[in-house]
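Biologist: I would like to learn how to read a model of this kind. Please take the features one at a time.

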Amino acid sequence: LARHLQKEAQSQHNNSEFTEDQKKTIAKIATCLELRSAALQSTQSQDEFKLEDLKKLEPILKNILTYNKEFPFDVQPVPLRKILAPGEEEHLEFEEDDEEGGAGAGSPDSFPVRVPGTLLPRLPSEPGMTLLTINIEKIGLKDAGQCIDPYITVSVKDLNGIDLTPVQDTPVALRKEDTYVHFNVDIEIQKHVEKLTKGAAIFFEFKHYKPKKRFTSTKCFAFMEMDEIKPGAIVIELYKKPTDFKRKKLQLLTKKPLYLHLHQTLHKE
C-alpha cells in the first residue's frame, strides 16, 4: 500500500486526480506505513510507530479530497529514491537491451520488503544441529566502480521459490576497486542446516541504485545449493536477472569469469 500511495504521490501533475498538497499528504501516509512496517520487523521497542497511530490515518485517507487540517505526525514524505518489491523492478526495465538484461521468472517474497542493512543475529544453538555463517567477501563485476550504493539480498528458497527464512540485506558495500565490490559481511542463515528442505538453495541478489530511474535494481544473482554447504571458501557463478528462484532458465551474466566470493563457517553443538 505504501508503494501504491507513493507512486500516486510521485505521478506527474497532469496524470493525477490529486493536487500537489494532497499528494504531499499521500506521501506522508506512505512514510507512516513504512514506519509501521519497520516497527513490526524490529525487535527493539523504542520509537515504534504503533497501531493506534496508524488508525489515525484512516479518516485522512478516506477523506483525502477534502482533508485540509495539519498532518498528525511530523514526518517527511517518502523520498523519490525507493526500493521496489521483488519482481516489480523488472517491469520497469524491459526497455533495457544491454548485456545485463535478460528474461526469466521472478517470485514475489512472502516476507516483507526490507531496506539495506537488515542482518539478523545467529540463532541459538541446538544439540546435534548445525548453523551456517556465510561471509560475503566480494563480487567480481566488469563495471564494479560504477555501481551506486550496492548491497546484496540473501534469501533461502525451496524448489518452488518460497522463502524458508526471513530475507536479509547486507549494508551497502565497504568499497569498490578494480573489478570487485567488497562487502566482508557475515550472514547468519536463519535455519539449522538439517532443517532445510531437500532442493533448497541460498540466493544472493546483487542490487544497486539507478539514478536515472530513481530506484534500486537487481543487477545479477547467484545461488548455492545444499551440497555446496561445507566449511571454507567457495566461488559461485553470476546469472542474468531477473532472479529465477526456481532455477529453471539460468543464463550466465557474461562469458567473462566473474564470481561471488564467499566463505562458509559451520557451527555445531
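Predicted model: local features only at pLDDT ≥ 70, side-chain atom pairs only at ≥ 80, totals over all residues.

Modeller: Residues are numbered from 1 along each chain as its sequence is written, and side-chain values use heavy atoms, with hydrogens and water left out.

Biologist: How many helices and strands does the protein have?

Modeller: The protein has 5 helices and 11 strands; helices (H or I, at least four residues) and strands (E, at least two) are DSSP runs, numbered from the N terminus. Of the 269 residues, 45% are buried, meaning under 20% relative accessible area with a 1.4 Å probe, protein chains only; exposed is over 50%, and partly exposed lies in between.

Biologist: Which residues of helix 1 are buried?

Modeller: An α-helix has 3.6 residues a turn, so residues three or four places apart point the same way. In helix 1 (residues 2-10), the buried residues are Ala2, Leu5, Gln6 and Ala9. They lie on the same side of helix 1 because they cover an arc of only 100° around the axis, taken from the directions from the helix axis to the C-beta atoms.

Biologist: Which strands pair with strand 6?

Modeller: Two strands pair if DSSP finds at least two bridges between them. Strand 2 (residues 130-140) runs antiparallel to strand 6 (residues 180-188), with 7 bridges, and Asn135 stands opposite Asp186. Strand 5 (residues 175-177) is also antiparallel to strand 6, through 3 bridges; here Arg175 faces His182. The hairpin of strand 5 and strand 6 has 2 residues between the strands, and Asp178 takes a positive phi near 50°.
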